[in-house]
Amino acid sequence: MAPLLHTHQIHPRTTLNHLHFLLYSLSLLLLLHHHTTTPSSFLLLLADVFLGFMWLLAQGYRWRPVRCCEFPELLSKVIASKDLPALDVFFCTADPYKEPPVGVASTALSALAFDYPSDRLSVYVSVDGGSDLTLFAFFEAAKFARCWLPFCRENGVMEISPEAYFQSGGCDGEAEEMKVMFESLKERVDCAMEKGYVDLNLVNSLEEKEIFKTRKNFTLEDHPSIIQVLLESKKDKDITSHPLPNMIYISREKRPASPHNFKAGALNALIFLCHCLRTSYSSFCLHAKASSLRNHDERNVDPTLDCDTCSNDPNAPQRALYYFLDKDFSPNLSFVQFPQRYTGINKNDIYSGEFKRVFILGEEGLDGLQGPNYVGTGCFFSR
Ligand SMILES: O=c1ccn([C@@H]2O[C@H](COP(=O)(O)OP(=O)(O)O[C@H]3O[C@H](CO)[C@@H](O)[C@H](O)[C@H]3O)[C@@H](O)[C@H]2O)c(=O)[nH]1
Ligand SMILES: [Mn+2]
């Protein structure tokens with residue numbers, strides 16, 4: 001018998017919820033009864049019926065909340081590492097001034113640092129508007145990945161986004177070295193941000209200089225399609241000679257007459273690119289040669305991420321795979337979604353920035369019924 005990869009628990013709160021439901025429905029019925037037996041305004045009755053109905057609809061969230069749990073140690077018993085499906089992480093960004101490039105690059109680094117075989121992991125980034133500043137941050141991130149990935153692997157780092165890791169405090173020894181490197185990355189990107197363009201003096205490699213020169217006439221509203229391979233698993237290695245995952249940058253063609261600046265289109269472009277890279281490279285004009293990015297054409301699992309979110313669990317892909325690999329479970333499975341949590345909220349969350357109702361109560365509640373709604377980030381699909 002195949003080992004159990006995941007299980008779920010009915011939330012301990014459920015019995016209390018049911019009791020509350022019973023009491024509350026009783027009171028509601030009494031209230032309505034009271035309305036019908038005593039002369040009161042029809043509008044009051046209507047208001048109470050309406051509010052009661054709204055309350056009833058919301059009870060779905062409390063009826064059967066569940067919590068899922070996976071058993072990370074068992075995956076190797078079910079599938080060999082070489083048979084793992086290809087994992088294509090899609091994430092999009094648009095405006096370097098609203099979505100600071102260093103944060104966006106950190107999101108990319110958090111996906112690159114997934115604990116997943118690097119020849120099967122590709123990170124596709126869509127940059128609407130094709131800002132030079134964001135591209136510069138990605139070039140810098142690709143270099144930083146050579147040190148950051150082995151550091152995370154060897155130290156079992158959970159907070160795999162460097163920005164989040166260094167914000168969480170206490171760095172010494174090797175972590176201190178990493179911090180210095182990350183600070184220098186930040187300085188260079190911030191320097192470009194202040195200037196508003198990428199000064200060629202900031203760019204070290206000749207190849208990158210050439211790329212920025214060819215982009216001179218591009219503006220955020222007017223530029224051709226751009227595809228840039230930032231890391232190629234077959235050839236790029238980290239400082240411990242371990243191959244790095246693929247990282248590909250794309251910016252959709254933009255012309256003043258044809259505005260398109262929405263996330264859905266960006267995701268479609270990423271899926272299309274990913275498909276084309278797998279089947280043929282010839283129809284694309286790649287800035288760097290993508291000789292052998294992909295060589296397997298079996299099943300894929302595709303996580304999507306917003307650029308202002310990041311992963312804080314290197315095992316996230318494995319956890320999602322448990323559900324996709326479960327033969328009884330997967331026929332009815334559309335996606336696996338991770339809970340969205342916010343950082344930087346004040347201690348008592350007086351402004352309700354955590355969105356508890358949507359992201360905690362709602363998601364757990366719907367999970368016990370037919371599954372949560374797609375919130376747009378931290379979500380794995382199977383293709
Ligand atoms: O022209 C655009 C505009 C946005 N985005 C990206 O789309 C994502 C979400 O946009 P954001 O402005 O961050 O929207 P939010 O309101 O913060 O996000 C919520 O609402 C969005 C719209 O419903 C969903 O797509 C998100 O997943 C969900 O987290 C970000 O990565 C953006 O960079 C693009 O790629 N191109
Ligand atoms: Mn957002």
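Is helix 11 (residues 316-325) mostly covered or mostly uncovered, and how many of its 10 residues are buried?

**View 1. Helix 11 in a predicted model.** Helix 11 is mostly covered, with 8 of its 10 residues buried, where buried means that 20 or more other C-beta atoms lie within 10 Å of the residue's own, exposed means 12 or fewer, partly exposed lies in between, and C-beta atoms are placed from the backbone. The buried residues are Ala-316, Pro-317, Gln-318, Arg-319, Ala-320, Leu-321, Tyr-322 and Leu-325. Helices (H or I, at least four residues) and strands (E, at least two) are DSSP runs, numbered from the N terminus. This is a predicted model, in which local features need pLDDT of at least 70 and side-chain atom pairs count only at pLDDT 80 or more, while totals for chains, interfaces and linings use all residues. Residues are numbered from 1 along each chain as its sequence is written, and chains are lettered from A and ligands numbered from 1 in the order in which they are written.

**View 2. The shell around ligand 1.** Among the 16 residues around ligand 1, those that come nearest are Cys-92, Asn-261, Lys-263, Asp-306 and Gly-376; a residue is near a molecule if its C-beta atom, placed from the backbone, lies within 6 Å of it. Two or more shell residues come from each of strand 3 (86-93) and helix 10 (263-279). Because domain 2 (85-308) and domain 3 (320-382) both contribute residues to this shell, ligand 1 lies between them, the domain bounds coming from an automatic or database domain assignment.

View 3. Lys-98 lies in the loop between strand 3 and helix 5 (101-112) and counts as exposed, because it has 9 C-beta neighbours inside 10 Å. Asp-128, in the loop between strand 4 (121-127) and helix 6, is buried, with 22 other C-beta atoms within 10 Å.

**View 4. Residues 280-297 and confidence.** The chain has a mean pLDDT of 87, and 93% of its residues reach 70 or more, pLDDT being the predictor's confidence in each residue, from 0 to 100. Over residues 280-297 the pLDDT is below 50, yet beyond near neighbours in sequence this stretch has 23 contacts in the model, a contact being two residues whose C-beta atoms, placed from the backbone, lie within 7 Å. Where pLDDT is low, the predicted coordinates should not be read in detail.
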